[in-house]
Amino acid sequence: MVAIRSVASDSDFDAVVAPPPIPSPLHRPSVSARPPPSICIVQFFATWCQPCVRTHLVLQQLAEQFQTVPVVKADIDRVPKTVDRVGVGEVPCFVLFEAGREVRRVGGDVTQLVAMMEDASRRIHLFQETSIATTLSRL
């Protein structure tokens, strides 16, 4: 079973979805050493929200199917500053982040959640293919 990471605080959230560090101009790592962009899907939920419980079960199944996509859950009562900053107005709310920026947002619609997981998986796969092709072209 794939673990879905929980964030316990606003600072924990920032550490999970923050963009990767920008390398120093003095240090030029090879393309193959370049870290992937931080791509993840965050489920904003509340423990008292029944639709959140139902969609979380679906999210667990999707996390098994799309194992390359990191999934994080954030209890809105534990990350209030993040909720305000991201603009979460209702739960459940799923947000796809890439390099710390919101790419896509959906509510509790399972069809849209599946599409979001597919999108995240494509983004990760595309990055991996590009990195491999660039590395091979330099050989």
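## Helix H2

Helix H2 (residues 50-65) has 16 residues and spans 24 Å from its first C-alpha to its last. That is close to the 22 Å expected at 1.5 Å a residue. The expected span of a helix is 1.5 Å times one less than its number of residues. Helices here are DSSP runs of H or I with at least four residues, strands are E runs of at least two, and both are numbered from the N terminus.

Which residues of H2 are buried? They are Cys52, Thr55, His56, Leu59, Leu62 and Ala63. These residues cover an arc of only 120° around the axis, which puts them on the same side of H2. The arc is that of the directions from the helix axis to the C-beta atoms. Arg54, Leu57, Gln61 and Gln65 are exposed on the other side of H2. Buried means under 20% relative accessible area, exposed means over 50%, and partly exposed lies in between (1.4 Å probe, protein chains only). An α-helix has 3.6 residues a turn, so residues three or four places apart point the same way.

## The model and its chain

This is a predicted model: local features need pLDDT of at least 70, side-chain atom pairs count only at pLDDT 80 or more, and totals for chains, interfaces and linings use all residues. Residues are numbered from 1 along each chain as its sequence is written, and side-chain values use heavy atoms, with hydrogens and water left out.

The chain has four helices and five strands. Along the sequence they follow the pattern β-α-β-α-β-α-β-β-α. Of the 139 residues, 38% count as buried. The accessible surface of the chain comes to about 8300 Å². Carbon and sulfur atoms hold 56% of that surface. Accessible areas come from the Shrake-Rupley method with a 1.4 Å probe; for residues, only the protein chains shown count as cover.

Among contacts in the chain with a separation of 6 or more, 70% join residues 24 or more positions apart. A contact means heavy atoms within 4.5 Å.

## The phenylalanine cluster

How many aromatic pairs does a search of the whole structure find? It finds two. The rings of Phe13 and Phe44 have centres 5.8 Å apart and planes at 40°, so this pair is tilted. Phe13 is in helix H1 (residues 10-17) and Phe44 in strand E2 (residues 39-45), 31 residues apart. Both Phe13 and Phe44 are buried.

The rings of Phe13 and Phe97 also have centres 5.8 Å apart, but their planes stand at 80°, so this pair is edge-to-face. Phe97 lies in strand E4 (residues 93-98), so its pairing with Phe13 in H1 ties together parts 84 residues apart in sequence. Both Phe13 and Phe97 are buried. Ring pairs link Phe13, Phe44 and Phe97 into a cluster. Rings of Phe, Tyr and Trp (its six-membered ring) pair if their centres lie within 6.5 Å; planes under 30 degrees apart count as stacked, over 60 as edge-to-face and the rest as tilted.

## Strand E4 and its partners

Five of the six residues of E4 are buried, so E4 is largely enclosed by the rest of the structure. E2 and E4 pair in the antiparallel sense over six bridges. Val95 in E4 is the bridge partner of Val42. Two strands pair if DSSP finds at least two bridges between them.

E4 also pairs with strand E5 (residues 101-106), in the antiparallel sense over five bridges. Glu98 stands opposite Arg101 in E5. The hairpin of E4 and E5 has two residues between the strands, and Ala99 takes a positive phi near 55° there.

Val114 lies in helix H4 (residues 110-137). Val114 is partly exposed, with a relative accessible area of 27%. Val114 and Leu59 are 55 residues apart in sequence. In space, C-alpha to C-alpha, Val114 and Leu59 are 8.7 Å apart.
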